[in-house]
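Here are my notes on the model, in the order I'd go through them with you. Have a look at the structure first.

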Amino acid sequence: MFLDTDDEKILAGEYGETRQRMMELLVALGKVFDAEKMIPISSAQVSGASYKTIGDWGLEWLQGLDARVSVPAVLNPVGMARDRWQEMGISSEFADKQNQIISAFQRLGVKLECTCTPYYLNMVQYGDHLAWSESSAVSYANSVIGARTNREGGPGALAAALVGKTPYYGLHIVANRRPEVVIQVADAPKTQDTAWYGALGHLVGPLVGTRIPLFTGIRPSRDQLKALGAGMAATGAVALYHVDEITPETRVFHFDTTTLEAIPVEPASVDAVFSSQEVDAVAVGCPHCSPDELTRIAGLLKGKHTKKPFIVFAAKGVISAEQESVALIEKSGAKVYADTCMVVSPALERFNSLMVNSGKALAYVPNLCGGTAHLATLEECVAEATR
Ligand code: F3S
């Protein structure tokens, strides 16, 4: 693996012990994947920020680091809304540990935008090389924006943020971004709720595994693409997908798909992923809501009152920019929380059953929150919470 003079200096410890250790980690990673060199990145998104997922071991590891990030870096959701953890029912012991983790990241220069949708914060463009780690964020950056990132582990993304570079392999290389399987969606309904695309992703993930799919027969909006990628990343290991004539690389490159396996998907199989039924609580915003999604939720809740917990998750920056919608949502009794999410926070573990509108949450809630999850459209989520 080629290292330039600066890389060698970092590796020799000339820029401090933390950067040296981080470069050792990146070089080891590069060697495993036969990277030819290191490349500069424009930003990092670091997962492993909730005390629920990294525990005391992760906290100690972070507290042992002593350097500042070299590129803009943001955090994945943490285990609680930083300024509203008491009303979420978070214990003071958990909050104390979580705040120590947040302080450790802050000391490293990581911005406290704790979100899996950093692309709403104007920090990524087509062709950028990144070191992002949350699976749905990686999928969106690669597929919908046309940036280039592998699905980094939390330590790998943080190492890249501190060094400012990442090993050049995998999805950083254009030749590795070609589709490997075609998903033919027959007779897709024209006006589906975003949840339909989450269900499609949930269904297709295991069919494609680690392969790069190219979809035909669908014309999703950006929010629907977000839901599709999140679902596939959760049930498969899809870090990049293409949608014919929709996602940017299908318009930039010519992909010859004639020799690829084609898998047909019938809308009825997608519909079968839904299981709307009575639940203890409703949670939406996985991945975190876009401005449009907050507007839509506000419209559906206008003039209504929630009768059971209805919790909405979004990035702090998006919430600040959408104050009117957020106020309308909270007027109904629903809550809009920043910094955290339904999976990495322990707050939703008290519910035995959750209604969600996300194919990713459908996959993760049972394992990470303990209760059952049921997929429904946003309209059904609102109806269930206000019935
Ligand atoms: Fe984001 Fe949490 Fe879902 S990190 S994609 S809201 S599981």
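**Notes on the predicted model**

1. Start with the ligand: around it sit N76, P77, C116, E134, S136, G285, C286, P287, C341, V343 and K360 (near here is a heavy atom within 4 Å). Strand β11, residues 281-289, is the top contributor to this shell, giving three residues. Strands are DSSP E runs of at least two residues, helices H or I runs of at least four, both numbered from the N terminus.

2. On ground rules, this is a predicted model, with local features needing pLDDT of at least 70 and side-chain atom pairs pLDDT 80 or more, while totals for chains, interfaces and linings use all residues. Numbering runs from 1 along each chain as its sequence is written, and side-chain values use heavy atoms, without hydrogens and water.

3. Next, the open sheet: four strands in parallel pairing, ordered β9-β8-β7-β10 (pairing takes at least two DSSP bridges). β9 (242-243) and β10 (261-265) are the edges, each with a single partner strand, so one side of each has no neighbour in the sheet.

4. Finally, V326, which belongs to helix α13 (residues 323-331). V326 counts as buried because its relative accessibility is 8% (buried is under 20% relative accessible area, 1.4 Å probe, protein chains only). Leaving out residues up to four places away in sequence, V326 touches L294, I319 and V336 (contact is heavy atoms within 4.5 Å). Its C-alpha lies 9.7 Å from that of Y337, eleven residues apart along the chain.

How values were computed:
Buried < 20%, exposed > 50% of the residue type's maximum accessible area, 1.4 Å probe, protein only.
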